[in-house]
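Here is a short briefing on one protein chain. Look at the sequence and the model first, then read on.

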Amino acid sequence: MAAVGQGFLSSVGRIAGRPARQYRWTTLIGLAEAAIAKRRLAEADEQLAEAVAFARAEWPASPRLGESLARLADIRAAFERTDDALRLYGQAIAVLGSLPAGINSTLAHIVSNLGRLFLLKGERSKAEALVSAALALQRKLGVPDTPVLKFNLALAAAEARREHDAHRAFNEAIGALERQAGARDLLGIALHDNFALLCQSRGRHDDAEGLLRRCLILRQEAAGPRHPIYAAGLINLARLQLDRSRVENARGIPPGADEIEALLWQAADICKRHGERPTAGLLPALYYQARLAQRRGHGDDSRVLCAQLLDFGDSDRSAADAAEVATLHVLACEQMHSAESTGGGDADPERILRRAIALADRLPGAHRAFGREIKPDLLSDLAILLGALGRSAEAERVATKASELMRSPAWAVSRHVFPSV
């Protein structure tokens, strides 16, 4: 009788445990979504990894496992852990594709996000095929295209130099987001940022400025005016103004220099004061401040800012190489413009620029985008120097490479989550 009772209680425990397990999985998904909304991606990664393990043990070959895998892949893609993301997306497709329900909207989004990853790896034809297939799947289901699908289409069209298609897809993505219930602020930021980058790379500075100023409003709504997310928007706007001035007046004092300086100062102050340690956004804020001071002829200010850059690198070893790249560029420009190098006989600026370019190509993690962002300027300055040294053929090759990079935006997709679910 005791054995029968024990068996009965055991059965009740298993039955009662199922709702508890379902509640635990749902809680993990909800916590991950909240963490993503607050930009705490490391927390979301941990919670989703636990959700995947939970679903794999409790509900193998189920929609819960497919959803968990897709969500975790989205996070890994945001961390630029591309191989992990590709593997997880593949597993999610295998799980969801084997279910009786067959094709669904999540599957279409996974295929589309796979396309974006291949695009960022430089495999453009494969990327465009996957994005097109995802859109076809979505339309076969009779479901409207979502902001994420349109965003991926915009990137693919831009890389294929189909300018009209890219602009239309970006506008449609922004429109779809505005119509979406419970619109995600961070996704709106990503759409405006990347659309602005495309416009900026094509010399459409007024269009880019309008997008970035709208994006500042979204950033303030998402995080407030004293958060690094808002600081990043200030830096983007300052970069645009500097880029516009480079096109219009490469060496003189930029128009609107006071506004640019104010934007960068505010961004640097936010990054310094956000927590116990300055955030990564301090590096580009100081770098562009130093470049601006240099162009205004404030050499002492520029050197003070370079010292702050190196101090930041010393305080955060992951930023050390990026701080060195930034400082080397400022130093090289100073030498190029100094009286000692006007005769063209000093080769030090060339060596400094080449070291900065080599370092920019291999910056780690969160600073990789910074390296991609400033490499065209490094190459442009190297081309100017080589021309001054009488090496015109080499200068032309370097200038062509710089122009190609400027025409291929370093897409601002790092640390943005583009949801499959």
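Is Ala61 buried or exposed? Ala61 is exposed, at a relative accessible area of 53%. (Buried means under 20% relative accessible area, exposed over 50%, and partly exposed in between, with a 1.4 Å probe and protein chains only.)

This is a predicted model: local features need pLDDT of at least 70, side-chain atom pairs count only at pLDDT 80 or more, and totals for chains, interfaces and linings use all residues. Residues are numbered from 1 along each chain as its sequence is written, and side-chain values use heavy atoms, with hydrogens and water left out.

**Overall build**

- The protein chain has 18 helices and 0 strands. Both are DSSP runs numbered from the N terminus: helices are H or I with at least four residues, strands are E with at least two.
- The C-alpha trace spans about 100 × 45 × 35 Å along its principal axes.
- Of the 421 residues in the protein chain, 50% are buried.
- Among contacts with a separation of 6 or more, 65% join residues 24 or more positions apart. Contact means heavy atoms within 4.5 Å.

**Positive phi in two loops**

- Ala61 sits in the loop between helix H2 (41-58) and helix H3 (63-78). Its phi is positive, about 55°, although Ala61 is not a glycine.
- Glu80 lies in the loop between H3 and helix H4 (82-97). Phi of Glu80 is also positive, near 60°, in a residue other than glycine.
- Glu80 is partly exposed, with a relative accessible area of 23%.

**Helices H7 and H8**

- The axes of H7 (residues 147-159) and H8 (residues 163-179) come within 8 Å and cross at roughly 165°. H7 is therefore roughly antiparallel to H8.
- Axes are lines fitted to C-alpha atoms, for helices over the stretch in contact, and angles run from 0 to 180 degrees between N-to-C directions.
- Angles under 35 degrees count as roughly parallel, over 145 as roughly antiparallel, 65 to 115 as roughly perpendicular and the rest as oblique.
- The H7 and H8 crossing is left-handed: the near helix is turned anticlockwise from the far one by less than a right angle.
- Contact residues include Phe151 and Leu155 of H7, and Phe170 and Leu177 of H8.
- By class, this contact of H7 with H8 has 13 nonpolar, no polar and 3 charged residues. Nonpolar covers Ala, Val, Leu, Ile, Met, Phe, Trp, Tyr, Cys and Pro; charged covers Asp, Glu, Lys and Arg; the others, Gly among them, are polar.

**Helices H17 and H18**

- H17 and H18 pack at about 160°, with their axes 8 Å apart. H17 is therefore roughly antiparallel to H18.
- The crossing of H17 and H18 is left-handed.
- Among the contact residues are Leu379 and Leu386 of H17, and Val398 and Met406 of H18.
- The contact of H17 with H18 has 11 nonpolar, 2 polar and 4 charged residues.
- Gly390 is in the loop between H17 (368-388) and H18. Gly390 counts as exposed, at 58% relative accessibility.
- Gly390 and Leu141 are 249 residues apart in sequence and 62 Å apart in space, C-alpha to C-alpha.
- Thr400 lies in H18 (residues 392-407). Thr400 is partly exposed, with a relative accessible area of 39%.
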